[in-house]
Structure formats: C-alpha cells, structure tokens
Amino acid sequence: MGFDYKAAFDHSLSAIKAEGRYRVFANLERQRGNFPIATRYREDGSAQDVVVWCSNDYLGLGQDPDVLAAMHNALDDVGAGAGGTRNIAGTTKYHVALEKELASLHDKDSALLFTSGYISNEATLSSFSRLLPGCVILSDELNHASMIQGIRGGRGPKLIWRHNDAAHLDELLSSLPADVPKVVAFESVYSMDGDFAPIADILDVTEKHGAFTYLDEVHGVGLYGEKGGGLAQQLGLSDRIDCIEGTLGKAFGIMGGYITGDASMVDAVRSYASSFIFTTALSPVLVAGAIASVRALRDGQDLRRHHQAQAQQLKDKLRAARLPVMDSPSHIVPLWVGNAVQCKAVSDILLDRFGIYVQPINYPTVPKGTERLRFSPSPLHTDEQVEALVSALNTIWSELSLARAAA
C-alpha cells in the first residue's frame, strides 16, 4: 500500500484547526465609492453589509475617482494585460512612467517595478548575495516574511539583530571584517506592533561600518513624508539610505512593489533577479492607476493628517474602555488578545453579530501567545463607526471575560 497523501494533508489541517489558527476567508465585495463598507456573502447565500477595519488600503485610494478614471482610460487605450514579461513582451509607457514617478517620490536615481511588495523584497535581497560576493546580510528579527525569504534564497551568510536595537547591530557589524560587503535590512513601520524603526540611529551605525542599507517602507509610503515618500522622508533621511523598497498595494490602493536607489544597483537587480525576469508584468491598467495614486498623494497632507487623527481617536477610545490596545506611534492599532482561539472568537462575533470585519492575527504572522486584532483606521471611517467598534469590543470583552488593561 502506498503513501496516504490525503491523510497527511488532513492531519496537517486538523493540527491547525486544533490550535485555533485555521484561516477562513470572508467572501467580501467592496462597494465602489462606499469605503469602508463591503458586502459579505455567507455560505447560505445570504448577504450582509459590513464595516471593514483591517484593509491595507489605508487611505481608501482604491476608490478614488481619479485613480479609477486613469484605469478605465488605460483599459480603453491598451487592453487588459501586459502580454508577458517585460523582457519578452516589451515594457509599456505606463511602466516607464511609474518607475520615473517612484524614483522622484523618493528622490532617487532609478526605480524598478515588481508584481508585489513581497516579490520586490524576495527578488532584491536574494539577488544581493549574487551581486555582492561574500555579502553578509544583517536582518532585524521582526522583518517581514518576504525579507526573510529573500535572505534565505540568496543562500549567503546572515546575522539577526535584536528588534530596533542599533547597539546590537553595531556589535554584529564590528565582528565582521572591514572589507566584507554588508547589507543591513530593516523596516520603517512594523505592521504587527505598529512601531517605528530608529532610522537615524541605524544609519549612524551602518555608515560607521560602511554597510549598505535596505529599508522596507511598505507601511510608510503614502502615509508619511512631505510627498508621501515614507517615514525616512518625513525624518529627512532618505538621502542616507541606499535602497528604499515600497508597495503600491497599501496606501496607494492598487497592486505591485518596487525598489528605488542608485541607477547601477537598480539595473543590476533588474538584470539578475529571477522573480523579475521570469514574471509576467503588471497589467498597464493597474500601473496607470498607481501613477494617478502616487501623484494624488504627493499633495495629500490633509488626507494624511485626517488618517492620523482617526487612528489616534480609536486608540484613545480603546484606552478609555480599558481595552488592551498596544502602544503604537503609527497609524496601526493592535489590540492584544494573547490566545489564538479567543482571538478568532472575537473576530467571529464582531462579524456575525455586529457587522464588523477584522481578521485575527495568529501564528506564524506573530509568535504564539501574542495573538491580536489589528485595526487599520482610515480617513473614511466615520466617528460613528469608531464608536460602534469600541462599543462592540467592550461588549465582547465582558461576555468572554477577557483581560482588560490596567486602570
């Protein structure tokens, strides 16, 4: 008798379900022009309007009329798809224009567009090990899975430094020979805790040791900085960073990822990164929308200010209700639960009874025992929706006898 493949798959699924971290996808349909409202379709065929509280479309730009118009125009001009890889099918004027726009956004020489932020991290970091012989990559311990995968894919030596600990980074860099190429990879805004990297301190250390810096700004672009170029731009530090990576799928509301930096570095990644070379290019329709979104957020300070104000309002009201909101200086609002089963229970009750959609954040996204709900307030969430969310959470916390924050 041969190996029972189905039994092995079933066993793996049973283990996840027993731990309370089996993922169930809600069947949602966003309502054009009505963000953050969406229609949820239940398995019994019924429908329910819900308020979405966990979208990474942080500013609602995926519903912006100018963005939608640009996408319609591109569809009418060139059709739906890119036709293949940029190497084989040729690039388009939209891709070229967006890369110029992104380079300008970060005040860099050049930019390269990928199909997602995950791919831009994976492709670029894995390429560095080939492009920089003997390269050692030093990674913050809380870096995103895409960065970790890219570092692993390069198969070169790596060192992990304690989260946001510039002194520990200094120790590790001091242990390496001066002539060894070193890449320091970190994020500006860490999405699960909502904390900021001490970018200036990290740059002081990397410059002392002649290291190359790689900054992931996926949760910063569009939301911080004079032009929406991210936290490094807001702090006036972009010129000190060698490679800035970002996404078009969060604050810009579309899809795609990119890197920006020195023209030679960007061209080398373009020439060596398999995930770029062999992947069908983004549809010109998406690229056209991204161009409009990036341009809109260059003058989006009012939108950014309102976004921060709504995030702060939610934090304040959660604290006033003694709900265990985690400290966060950013727009991200994490609410501590600490148990996978309870975290999913809260999420299910919010959706089924109150029409509020937020996904539980469980392992492996966060370590076991640190499960949480992660709220993403937007400028389009109303004060009434904030009040309704806090009221629902307060009720559920009492019903499930969950731990409250200290008075």
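Ser401 counts as exposed, at 63% relative accessibility; exposed means over 50% relative accessible area, buried under 20%, and partly exposed in between, with a 1.4 Å probe and protein chains only. Ser401 sits in the segment after helix H14 (383-399), and its phi is near 55°, a positive value in a residue other than glycine. This is a predicted model, in which local features need pLDDT of at least 70, side-chain atom pairs count only at pLDDT 80 or more, and totals for chains, interfaces and linings use all residues. Residues are numbered from 1 along each chain as its sequence is written, and side-chain values use heavy atoms, with hydrogens and water left out.

**The chain as a whole**

- The protein chain has 14 helices and 16 strands; these are DSSP runs numbered from the N terminus, with helices (H or I) of at least four residues and strands (E) of at least two.
- The radius of gyration of the protein chain is 22 Å, close to the 22 Å that the globule rule gives for 407 residues, so the chain is as compact as a globular protein of that length. That radius is taken over C-alpha atoms, and the rule is 2.2 Å times the number of residues to the power 0.38.
- Along the principal axes, the C-alpha atoms fill a box of roughly 65 × 60 × 55 Å.
- Of the 407 residues in the protein chain, 54% are buried.
- Among contacts with a separation of 6 or more, 71% are between residues 24 or more positions apart; a contact means heavy atoms within 4.5 Å.
- The protein chain exposes about 18000 Å², and carbon and sulfur atoms supply 53% of that area, as computed by the Shrake-Rupley method with a 1.4 Å probe.

**Cavity**

- What does a search of the whole structure find? There is one cavity of 30 Å³ or more, where a cavity is a set of points on a 1 Å grid over the protein atoms alone at which a 1.4 Å probe fits but cannot get out.
- The largest cavity has a volume of about 100 Å³; a volume is the space filled by probe spheres set on the points, which are joined across faces, edges and corners.
- Its lining includes Arg86, His95, Phe114, Ser275 and Phe276, and the elements that give two or more residues to this lining are strand E4 (110-114) and H10. Lining residues have an atom within 4 Å of a point.
- By class, the lining of the largest cavity has six nonpolar, five polar and one charged residues. Ala, Val, Leu, Ile, Met, Phe, Trp, Tyr, Cys and Pro count as nonpolar, Asp, Glu, Lys and Arg as charged, and the others, Gly among them, as polar.

**Second largest pocket**

- About 190 Å³ of space lies in the second largest pocket; a pocket is an open set of points with protein on both sides within 12 Å along at least five of seven lines.
- Among the residues lining the second largest pocket are Arg86, Glu99, Leu112, Arg270 and Phe276, while helix H9 (263-272) and helix H10 (274-277) are the elements that give two or more residues to the lining.
- The lining of the second largest pocket divides into three nonpolar, three polar and three charged residues.

**Backbone details in loops**

- The peptide bond from Phe35 to Pro36 is cis, with omega near 10°, and Pro36 lies in the loop between strand E1 (28-30) and strand E2 (37-41).
- Tyr363 and Pro364 are joined by a cis peptide bond with omega about 10°; Pro364 is in the loop between strand E15 (360-361) and strand E16 (372-375).
- Asn164, in the loop between strand E6 (158-161) and helix H6 (166-174), has a positive phi near 60°.
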